[in-house]
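This report describes how selected parts of one protein model are arranged. Please keep the sequence and the three-dimensional view at hand while reading.

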Amino acid sequence: MPHTQFFQQLVRTYSNDLFRLAFWLSGDKTVAEDLVQETFARAWKAIDRLENEQAAKAWLITILRRENARRFEKQQPHWVALDSANEIADSTPTPAEQLEQRQLHQAIYELPVEFREPLLLQVVWGYQGDEIAEMLDLKLATVNTRLYRARQQLKKTFEAGKPLSKGGRV
Amino acid sequence: MTPPMDELRFHQKLLEDPQVLDDEMQAYLADNPHKQEAVKQARKFESRLEEAFKIAPPEDLQERILLRHTFETKGETKTALPEKCPSYFQRGLGWFAAAFLTTAIGLGMWTQVMDSPSGHPITVAHTENAIVTHILEHARKEPELLQANAPLNESDVQELFKFVGARLEKPIEFMSFAGECTVDGQKGLHVVLQEEEGPVNILVLPTMSVKAMHVFAQAGFKGQLLPVKEGLVAIVGQNEKQLAMAQMHFFKAVSFDS
């Protein structure tokens, strides 16, 4: 059955990055998994209309964002994510790297979602500014401004949270 | 004519996307080679950001998605329900579903500590995980469980219910499977009902308990844990309507009197 094989291919190719997107949007790994499950459930129902993998990729992201928005309407998300993000990190970094990662997670957590979302699409999914603009229904200039402000804020927050170097002053 | 890039504009573009140096930025760097350091630092920070975003998804996420897909597509192809449906199907569903939802909302979801037979406290979340994992394992290893109208031997089924301290007063409507199971090391009874929107799994676990009804949502499933005698009944499906109907069908036919 070609539809089933195509569906399985989509799951294998995109489920991990969809989970990451869902996690950083929702702030909760259980909610993130539910969002991903729901996204693929909806994808299966519309599998006839999906022509190719590239189109499916953008479509999956759109469904997930809509599901998250729907969930957001019902309840404000509360971030239980920070410890979860630190617990389920991919690699096993050194203590110094762990501390830096915690600080960066904190900085990401403090980003407004309208800055966080385009950044996720660019960094995690590799989309260009014009593609992000189309997905988020924004002007390219707006997307670029948000990407700039996101990185600017992240650097500021991250730098502010770093431990002082030896003999340094505030 | 566009004015040449200045430092401010260079930094702005760098922070929009540190990985891309367009012609304008390349020209600026050619005139200001010391700004290569800014590019280096921006890309170093970008690597950290990529790592920070790259959290590991749960183990077996892909497998759970595919198993749920298998579960749902088998539900789509199930055989038709018997023609003769009891009248409460039409009448009772509305208030029953409302009553269930009201109870569920009223009770909410919280983490309880339960007692295991060993005496060590375990959480409701642990039990939920064990139950969902068990159902997914069954779907993977024994997909015939999800088939409608699998043959059932009546006397065997009676014995199964007796084993978990229950009595089967009459046949459970839409039951397609009943068998022994082991969840988190504890023996129990696994029943599958072919409800209108797909199969619903019911687990009777006489050695696990909850203090009060508990609802949960996990891995795309919705579930209830219901205290019965000293044990619990877990009902797991796709949506609240399924759970309400399965609960009604099950408890109409099964009693847990001592």
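In chain B, helix H1 (residues 7-16) packs against helix H2 (residues 23-31) at an angle of about 130°, and their axes are 11 Å apart. H1(B) is therefore oblique to H2(B). Angles under 35 degrees count as roughly parallel, over 145 as roughly antiparallel, 65 to 115 as roughly perpendicular and the rest as oblique. The axes are lines fitted to C-alpha atoms, for helices over the stretch in contact, and the angles run from 0 to 180 degrees between N-to-C directions. Helices (H or I, at least four residues) and strands (E, at least two) are DSSP runs, numbered from the N terminus.

H1(B) and H2(B) cross in a left-handed manner; a crossing is left-handed if the near helix is turned anticlockwise from the far one by less than a right angle, and right-handed if clockwise. From H1(B), the contact involves Glu7(B), Phe10(B), Lys13(B) and Leu14(B), and from H2(B) it involves Glu24(B), Met25(B), Tyr28(B) and Leu29(B). Contact means heavy atoms within 4.5 Å.

## Basis of the description

The model is predicted: local features need pLDDT of at least 70, side-chain atom pairs count only at pLDDT 80 or more, and totals for chains, interfaces and linings use all residues. Residues are numbered from 1 along each chain as its sequence is written, chains are lettered from A and ligands numbered from 1 in the order in which they are written, and side-chain values use heavy atoms, with hydrogens and water left out.

## Chain A and its helices

Chain A has 8 helices and 0 strands, and its pattern along the sequence is α-α-α-α-α-α-α-α. Of its 170 residues, 46% count as buried. Buried means under 20% relative accessible area, exposed over 50%, and partly exposed in between (1.4 Å probe, protein chains only). Among the contacts in chain A between residues at least 6 apart in sequence, 70% join residues at least 24 apart.

One helix pair in this chain is H1(A) with helix H6 (residues 113-123), packed at an angle of about 170° with axes 10 Å apart. These two helices are therefore roughly antiparallel to each other. Leu21(A), Trp24(A) and Leu25(A) of H1(A) meet Val113(A), Arg116(A), Glu117(A) and Leu120(A) of H6(A).

## Where the two chains meet

H6(A) also packs against H3(B), at an angle of about 100° and with the axes 11 Å apart. This angle makes H6(A) roughly perpendicular to H3(B). The residues in contact are Leu119(A), Leu120(A) and Val123(A) of H6(A) and Glu46(B), Leu49(B), Glu50(B) and Phe53(B) of H3(B).

Glu46(B) belongs to helix H3 (residues 36-53) of chain B. Is Glu46(B) buried or exposed? Glu46(B) has a relative accessible area of 3%, so it counts as buried. Leaving aside residues up to four places away in sequence, Glu46(B) touches Val123(A), Arg151(A), Pro18(B) and Gln19(B).

## Aromatic rings

A search of the whole structure finds 11 aromatic pairs over all chains. Phe19(A) and Phe23(A) form a stacked pair, 6.3 Å centre to centre with 25° between the planes. Rings of Phe, Tyr and Trp (its six-membered ring) pair if their centres lie within 6.5 Å; planes under 30 degrees apart count as stacked, over 60 as edge-to-face and the rest as tilted. Because they are 4 residues apart in helix H1 (residues 2-26) of chain A, Phe19(A) and Phe23(A) are separated by about one helical turn. Both Phe19(A) and Phe23(A) are buried. Together with Trp24(A) and Phe53(B), these two residues form one aromatic cluster.

Charged side chains also lie over rings. Lys57(A) is placed over the face of Tyr127(A), 4.8 Å from the ring centre, and the charged end of Lys155(A) sits over the ring of Phe45(B), 5.2 Å from its centre. A charge sits over a ring if NZ of Lys or CZ of Arg is within 6 Å of the ring centre and within 35 degrees of the ring normal.

## Positive phi in two loops

Most residues other than glycine have a negative phi. Asp137(A), however, has a positive phi near 55°. Asp137(A) lies in the loop between helix H7 (129-136) and helix H8 (140-161) of chain A and, at 71% relative accessibility, counts as exposed.

In chain B, Lys229(B) has a positive phi near 45°. Lys229(B) lies in the loop between strand E8 (221-228) and strand E9 (231-237) and is partly exposed, with a relative accessible area of 47%.
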